[in-house]
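Please keep the sequence and the three-dimensional view at hand while reading.

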Amino acid sequence: MDVNRRDILKGLLGGSAIAGVVATAIPAAGRDSDAIEPVPDAVGLLYDATKCIGCRACMPACQNANGLTPDRGGSGGLYMQPDTLNAHTKNIIKLYTSADGHEKSFMKQQCMHCVDPACVSGCPMNALHKEPEGVVGWNPSLCIGCRYCQIACPFNIPKFEWDKVNPKIVKCELCRHIVGTTVSQPACTKVCPTHAVVYGKRTDLLAEAHRRIQADPGKYFEDRVYGEFEAGGTQCLVLSHVDYAKLGLPTLGKQSAPAQVRQMSEFIYRGFLTPIVLYGGLAGIMHYRWKHHLIHTETSQHHEGDPAAKPEQEKNA
Amino acid sequence: MIGKWQRCVRLDQPLFTKPFYLFASLAALAFLLGLFRELTGLGYVTGLNDGYSWGLFKNWNVTALTAMGSGGYAIAILTWLFNQRKFHPIMRTALLTSFLGYGTGMIALGFDVGRPWNFLHFNNPHNWNPHSVLMEVAVCMTAYVIFALDVENMPPFLERLYMSPDPKKSAWAMRIFYAIRASFPFFVALAFLLPSMHQSSLGGLMYLAGPRVYPLWQTPRIPLLYLLMAYILGLACVLLVLLLSSMVWDLGWDMDILEQLTKLMGRITVAWLAIQYIDLAYRGVLHLAFNFDYYSVWFLLQTFMLLVPALLLWFKPLRSQPGTLFLLTFILTMGGLIYRFTPTTIAFSPLGNYRYFPSIAEILMSIGFTSFAVTLFLIAVKRFAILPAPAGEVTAGAAVQPFDTL
């Protein structure tokens, strides 16, 4: 009765070997579909830092369109002057100046609307989601306020209303509440006097970006568009003559973090096969062990003299 | 006093002692601060910000302390899967620490989430995001507490119900007992599966943060490291609780059980360190550990606090002394907790100019939730037959048949 441990371990090994074979036999289709392609109608922004004059007209336009209270923190309360994206600011123009002062570039910061967003992948309740045209939207009625999106976003975009009892996640949603109904484009692109930021389909914006690069090779940093491939591609694209890393855009690989997580999960879970096989095996072993445990304990006599234990029959009568 | 632990006993000691008042008032303070947080907002009570949006509550009370709460899981694997029935007398202690570790972790989580009322939508699986590792953790943890830990922790309570003078209550206790007894293997199998899933996924959570977590900690093997650390810390927590209880309440020292747990904990720790360093070498970032910068110092401190006790506990004279055993296990536990705590705080770097240090209120709340667990532990071991004791003269507080089979 006692040590059948070896047999059980053998059984476990055999079971996991079978599970492994079955799992690897399942076509590796999951691997290829890990990369997500942009939807055909995906919309986004193209921001060209060489055209931006830093007028910041887009910032109050964004405030008005989204009904945000202006952040006056940086100006001593006189006028709108946020120093970074925050719960009152979905869009900001920053100026980068190198240490020697010779290299300068403006930078527009807002949600990049990733093709395969980490925030959407991590959001437990689907509060953050992709709209039909690829805009990353936030649904207040599903968000539990766990802030995993803030941990996940490689661009550090989603902001949280830390001083509210009913806090919201604040981030650019490309004016999805008005675009297509009252207006044809987001507030920031509408007011931009130099068309430094334009709104359109991602395919068109990408073609336009490449046209600008080809028209003047060497003008833009490494002759590339930031967001074409970064983190699996973003729908908002950036052009600048300055190293993108210096503008606060992280250096990211072509594979998105969500795709890596899906690969890792698939490796472990095998489409939920692992937990099922594991549970079956564990329940089997436990069933066997439990049977023997009951035989052993309920026939042993060492509790007989316990005066606290009332006779069972009397109790059940 | 050396004694072989063979059964569970209730401590017949006064409940309202000075330590009880201390822990209970710390817990009460935490709940008061929690109430204040619910009426104002997270920003007024915590040091959290848009860069470091996860702090003590999630990283300490949930990620780190549920690893400490994996004692029930680790001991159950030993007792049942590896058929080491001599660990049966410490099962109740282990399961209670698990329940309290997870329970208080979930309380901390309740105060941490910003929009808790939307948990209502959690009841509809249609809203679950199947790709979200956090959803998996949430579902598995809740299921573990509700379906496994609750059932496993039932026997001491049923026992008391059974002993009541009212025959109706006794009959109910027996009915529930037999229902659990019939289905017990299926609950225990769940208690093996669910922690395996969520303890590894707690590490998997940080994989989504990609390059924001420093390469010494960010690895595709992070779920494995988190899972193994749960075994280590689970065993460590049971050891610490048993050693402390023996010191305080004179339960005798079953050095056979204690040493076996220690040996196992030490060996898993050495294996864990080997896996971590091999993974670093495999990914080609081993040199980062010896840069002696901020990250490297934390990393080496953690290695040191794990390796030194693990190696010292290999020597029999050191681990057969309850005093040194406690000290070394405590250091090892701290090392393990630093590991579980690191990826979301020390090793995490958001873009921009953000700093995080927990506020005083946040620290008090975090301590208070742990104190709540200690308070409940004190009540439980004095009211129910939980702690192990040597066989001896029979006392009224011992576990009774047939409830002691569970």
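The points below cover the contact between two chains, a sheet in chain A, and two helices in chain B.

The structure is a predicted model. In chain A, the secondary structure comes to ten helices and nine strands. Chains A and B touch each other, with 63 residues from chain B and 62 residues from chain A taking part in the contact.

**The contact between the chains**

- On the side of chain B that touches chain A, the elements that give two or more residues are α1 (18-40), α2 (42-45), α4 (71-81), α6 (133-152) and α8 (167-207) of chain B.
- The largest share of that side comes from α8(B), which gives 14 residues.
- By residue type, the side of chain B that touches chain A divides into 40 nonpolar, 20 polar and three charged residues.

**Chain A as a whole**

- Chain A has 317 residues, of which buried residues make up 39%.
- When contacts in chain A between residues at least 6 apart in sequence are considered, 61% join residues at least 24 apart.

**A sheet in chain A**

- Three strands of chain A form an open sheet in the order β8-β1-β9, with mixed pairing.
- The strands β8 (197-201) and β9 (237-239) of chain A stand at the edges; each has a single partner strand, so one side of each is left without a neighbour in the sheet.
- From one strand to the next, the twist averages 20°.
- The pairing between β1(A), residues 43-48, and β8(A) is antiparallel and runs over five bridges.
- Within this pairing, Val43(A) stands opposite Lys201(A) of β8(A).
- Helix α7 of chain A, residues 202-215, packs on the sheet and touches β1, β8 and β9 of chain A. The direction of α7(A) makes about 20° with that of β1(A).

**Helix α5 of chain B**

- Helix α5(B) has 25 residues and reaches 36 Å from its first C-alpha to its last, close to the 36 Å expected at 1.5 Å a residue.
- Of the 25 residues of α5(B), 21 are buried, so this helix is largely enclosed by the rest of the structure.
- Phe99(B) lies in this helix, which covers residues 88-112.
- Is Phe99(B) buried or exposed? A residue counts as buried if 20 or more other C-beta atoms lie within 10 Å of its own. Phe99(B) has 22 other C-beta atoms within 10 Å and is therefore buried.
- Leaving aside residues up to four places away in sequence, Phe99(B) touches Leu149(B) and Asn153(B).
- Phe99(B) and Asp150(B) are 51 residues apart in sequence, and their C-alpha atoms are 7.6 Å apart in space.

**Helix α11 of chain B**

- Helix α11 of chain B, residues 294-312, has 19 residues, which should span 27 Å at 1.5 Å a residue; the end C-alpha atoms are 27 Å apart, so the two values agree.
- Which residues of α11(B) are buried? They are Phe299(B), Gln302(B), Met305(B), Leu306(B), Pro309(B) and Ala310(B).
- The buried residues of α11(B) pack against α10 (255-282) and α13 (322-341) of chain B.

Definitions and conventions. Residues are numbered from 1 along each chain as its sequence is written. Chains are lettered from A and ligands numbered from 1 in the order in which they are written. This is a predicted model: local features need pLDDT of at least 70, side-chain atom pairs count only at pLDDT 80 or more; totals for chains, interfaces and linings use all residues. Two residues are in contact if their C-beta atoms, placed from the backbone, lie within 7 Å. Helices (H or I, at least four residues) and strands (E, at least two) are DSSP runs, numbered from the N terminus. Ala, Val, Leu, Ile, Met, Phe, Trp, Tyr, Cys and Pro count as nonpolar, Asp, Glu, Lys and Arg as charged, and the others, Gly among them, as polar. The expected span of a helix is 1.5 Å times one less than its number of residues. A residue is buried if 20 or more other C-beta atoms lie within 10 Å of its own, exposed if 12 or fewer, and partly exposed in between; C-beta atoms are placed from the backbone. Two strands pair if DSSP finds at least two bridges between them. Axes are lines fitted to C-alpha atoms, for helices over the stretch in contact, and angles run from 0 to 180 degrees between N-to-C directions.
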